[in-house]
Amino acid sequence: MTKTILTIDDSASIRQMVSMTLTAAGLDVIEAVNGQDGYDKATTNTVHAVITDLNMPVLNGIEFIRKYRQHPSSKGIPIILLTTESDEELKRQAKEAGATGWIVKPFKQDQLLAVIKKVTGA
Amino acid sequence: MNISDPSETFRQEARELLDQLEAGLLDLEQDPSNNDLINSTFRALHTIKGSGAMFGFTAVAEFVHEFETAFDRVRKGQSAANKALIGVALDAKDHIHLLIENPDAPIDGGASILSELRVIVEEGAIDEDGEPVHAAPVAVAAPVAPVVAEAPKPAENGAKVWRLTFYLPSDALIYGTNPELLLGELAGIGPTSVLALSDRVPTLDVIDPETSYLGWQVDITTSEDPTAAIDDVFLFLRDNMELTLAPLGGADTPVAVAEAVQAASDDAMPEAPFVPEPVAKVEEAPAAKAAAPKRKPAEKAEAEKPAATSLRVPAERLDELMDRVGELVIAQARLSQIATQSSDGALKTIAEELERLSSGLRDTTMGIRMVPIGSIFSRFRRLVHDLSNDLGKPIEFITTGEETELDKTMIERLADPLVHLIRNSVDHGLESAEKRIAAGKSPTGTVRLSAVYSGAEVAISVIDDGAGLNHDRIRAKAEENGLIAPDAKLTDQELNHLIFAPGFSTANEVTALSGRGVGMDVVKRTIDGLRGTIDVSTTPGKGSVFTLRLPLTLAIIDGMLVRVGNGRYTIPLAAVEECVELPEGIEANSKGRNFLDIRGALVPYLRLREVFGLKGEADAHQKVVIVSSGEGRVGLVVDQIIGNNQAVIKQLSKLHSGIKSFSGATILGDGEVALILDTAHLVASGQSYVDRNLGRAA
Amino acid sequence: MSDTKGYMTALTIRLEDELFAVEASRVREILDLVPITEVPSARAFVGGLINVRGRVVPLADLRVMFGMERPAPDQDTRIVVMEVDIDGEPTIAGILADKVHDVTDIESASIEEAPKVGMRWRPEFVKGIGKRNGGFIIIPDMERIFETPGGRSASAAASEERPAA
């Protein structure tokens, strides 16, 4: 079955790049523009992994992770946080909230693919 | 399928973000402790930096980095968003804009903006009690420098077996970690032999199936030190898992990777700590002479666009769509024509249905092209803000009607004329604060920009409460430039309109801002080109109102088809108020004054046969179509009213575009061309007829 | 012009009793007479509009510019739809022709400048006069003819030079 990845980022250019990279690798991609939109889409679609930005309006990345993890459908779904900071405190918070891993921006396409492969096997 | 370049998407995105940033900064200036604004400003900078770095705009990313840091400090309450910071941030925004449009060209000015920023940040530092911190530069919390894990051991000669034992954190499964995948990655390092450790698995009655209890013992055979590779496998888990690694057999000491080790990931970005440079000269924040532009409450969106419900489409696609809809409308009109003349009932029904559908399609498509004029209003805030600072005149800038929608292409062409008009009002219309006080006015001048629908048109006004147009000066200048004869009698309106004549200027000195006032004739020409009109009314000492009237749409309109002589003409239906019969013998009764009495009001009328220079006898029972434009009305006398039609507006070529009575042409159902009447011009003609005859009206 | 080729590929048309040549490469199509919508207050030269495949196209009557008689159209009358430059901008316009002949090559060498005096028509509208089959063909200066009043004539005249044929 083709895996579906949800990508949440308020930047259209990032979403586009992630989408292009992942679909070229044979994955399906759903896009969301902020944490709330991401939550709505994550809980109403079948997703196999979520990539989310940190700084977003309405609901930021960590808030999204917290909220999503409270929903039963999030069990076992890897969540990758995109962050421009290698702030250890931030990573700790993210993990505490329920993130599975992170990617530091700016990242190259193959780095993205490597992380996705790591957490989903796809 | 459209695959566009993400870096071009970034550019567009960055442009929008920069606009948002500017608006946010201007708002923040009014409300420096508004956390939402601070956060959204920070976010905008953050996104530009992050995405910029992603798509190769490194100069942008580097430049923005410091600003992001500065606003992060503001966000954390360590620094104030004072006027100086806003000012330099606005400069930075301009610089970023340049960098985005020209990523390859070396652009100067960035360094000086940054050094100004550093000074301002120092100056604006505040401590926990909100008190300004002086003297010592405040260092930004430096991010953790990367710590490299244990130095890799020298590679062993032969293959060795390493035993790795690990337990995952109890929530690992819920949080998306897949042990199978981890084991698979480990197998990539070398042949493995895996043993599951169930020592921590509780009894069935207490087991929580979602908790990770299992451990694993994995023996990996590899000739190289696997420490780094194993670090990589457990990249995301190292901090809170248990892991031990030791080579089996051999005398080497086990290398234990303890729990919660602060191992840095391979992709940590070292960030230089923010070091403010010592400065020799303290820069003063520019004196706050300008009163702030007032922000309209509630009207302004809370910065959040309904992003999930909008779509980005290249403009050419829209134009293409419009063309096709236009062609469809023409073809449908021809079908309707044939259906009218046919006795085939089925054909008639389908033609009617098609007419309904194409009308709906037309409306929807036209709607897509309509954009709220607020999209250009916002840039004027910055303009007035800067003008106010530069001229030292306190100005209040008010906008209304931002939601008024216009055709997209028209809005773009309006930007320059409006800039000219606003500049003109600020520069020449508004007096200095002292003069205003002397005249008994408030020292803060007001410039108001408004947009409102009016029949088939939209009226955009620039209103100032300045000194008004000085008719004596206008007259003197016009005579000086030979535009009018010295003893010519001119109405106030005619004097006002002289300012639009080419080469005219009453500015006492050429100001850098408005030039010689040459903008005005260019403004008029641009508005003419949009088939609009420009009007000005003024009261000495009180102010002036410049009003642009523009047709609502450039593309398809509902029209009323009329016949004058042998020719057929279309009148925009939105401009039509009513139709009446021309009273018999009206010539005789009105004694040569062409006025109609419409329910007590006198409405001038024009005989189109005369306007068009047609010879021959008019039909009996002529009709009058009363059209309006702005405040004025005129009756157009035609031979016959044929009916309604949808007219796809075709522009007239240069050979005919100068003829004022017509605003375009359209193709009728039978394939012939019909000219579209320019009602605004005809109303104006009627109006000047009224003006000239007003004294003699009954 | 077409000097590089050494000849001009021209569509010859007849106006009254004279032959004219227009640049064949600029001709889009040739139509039979279609209904013409009169434009009130327009110059006599461009007094009408026609529908060409859903496009509103101005109709020009060169006979006006050459001071010729203008009898009513007959069955030989055609409309030549072509691209002309108006004040430097390419535009599609229709040209009335009493008769359309053929497409022919006119040797550049045979094109002479119009004599300044003694010619029936205004020399500024004539780019050159060519010879073909023993007769004369007038090559009109379309840009000049189509120039709008207040167009570029002043500056153009100053800088224009006729390339030698």
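Begin by selecting A:P106, which sits in the loop joining strand 5 (101-104) to helix 5 (109-120) of chain A. The model is a predicted one. Display the backbone here: the peptide bond leading from A:K105 into A:P106 is cis, and its omega is near -5 degrees.

**Chain A as a whole**

Next, select the rest of chain A and colour it by secondary structure. Chain A holds 5 helices and 5 strands, and they follow one another along the sequence as β-α-β-α-β-α-β-α-β-α. Of its 122 residues, 53% count as buried. Among the contacts in chain A with a separation of 6 or more, 60% are between residues 24 or more positions apart.

**From chain A to chain B**

Now show chain B alongside chain A and select the residues in contact. Chain B contributes 34 residues and chain A contributes 32 residues. On the side of chain B that touches chain A, the elements giving two or more residues are helix 1 (6-30), helix 2 (35-54) and helix 6 (179-187) of chain B. Helix 2 of chain B gives the most, with 9 residues. Colouring this side of chain B by residue class separates 17 nonpolar, 10 polar and 7 charged residues.

**A sheet in chain B with a helix across it**

Move along chain B to strand 6 (395-400) and strand 10 (533-539), the edge strands of a sheet, each of which pairs on one side only. The sheet is open and has 5 strands in the order 6-8-9-11-10, with mixed pairing. On average, neighbouring strands in this sheet are turned by 15 degrees against each other, direction ignored.

Within this sheet, select strand 9 (residues 457-464) and strand 11 (residues 543-551) of chain B; these two run antiparallel and are joined by 8 bridges. To see one position in this pairing, select B:D464, which stands opposite B:S544 in strand 11 of chain B.

Helix 11 lies across strand 6, strand 8 (445-454), strand 9 and strand 11 of chain B, and runs at about 20 degrees to strand 9. The helix covers residues 408-429, 22 residues in total, and reaches 30 Å from its first C-alpha to its last, close to the 32 Å expected at 1.5 Å a residue. Where does helix 11 of chain B have its kink of about 35 degrees? The kink lies at B:A415, shortly before the proline B:P417.

**A second sheet in chain B**

Continue to strand 14 (576-581) and strand 15 (595-598) of chain B, the edge strands of another sheet, where each pairs on one side only. This open sheet of 5 strands in chain B has the order 14-17-18-16-15, again with mixed pairing. From one strand to the next, the twist averages 35 degrees.

Strand 17 (residues 623-629) and strand 18 (residues 632-638) of chain B pair in the antiparallel sense over 7 bridges. Select B:V624 to find its bridge partner, B:V637, in strand 18 of chain B.

Then step back to B:H621, in the loop between helix 17 (608-611) and strand 17 of chain B. Although it is not a glycine, B:H621 has a positive phi of about 55 degrees. Is B:H621 buried or exposed? B:H621 counts as exposed, because it has 10 C-beta neighbours inside 10 Å and the cut-off for exposed is 12 or fewer.

Finally, select chain C, which contains 3 helices and 11 strands. Along the sequence, its pattern is β-β-β-β-β-β-α-β-β-β-β-β-α-α. Of the 165 residues of chain C, 30% count as buried. Residues 24 or more positions apart account for 54% of the chain C contacts with a separation of 6 or more.

Where chain C meets chain B, 19 residues of chain C are in contact with 19 residues of chain B. The elements of chain C that give two or more residues to this side are strand 4, strand 5, strand 6 (55-60) and strand 8 (89-97). Strand 5 of chain C gives the most, with 3 residues. By class, this side of chain C has 10 nonpolar, 6 polar and 3 charged residues.

End the tour at C:S41, in the loop between strand 4 (37-38) and strand 5 (48-52) of chain C. C:S41 is not a glycine, yet its phi is positive, at about 70 degrees. With 14 other C-beta atoms within 10 Å, C:S41 is partly exposed.

Methods:
Residues numbered from 1 in each chain as written. Chains lettered and ligands numbered in written order. Predicted model: local features only at pLDDT ≥ 70, side-chain atom pairs only at ≥ 80, totals over all residues. Pairing = 2+ DSSP bridges. Helix = DSSP H or I, 4+ residues; strand = E, 2+ residues; numbered from the N terminus. Axes fitted to C-alpha atoms, helices over the stretch in contact; angles between N-to-C directions. Buried ≥ 20, exposed ≤ 12 C-beta atoms within 10 Å, placed from the backbone. Contact = placed C-beta atoms within 7 Å. Nonpolar A, V, L, I, M, F, W, Y, C, P; charged D, E, K, R; others polar. Expected span 1.5 Å × (residues − 1). Bend = angle between axes of the 7 residues up to and from the residue.
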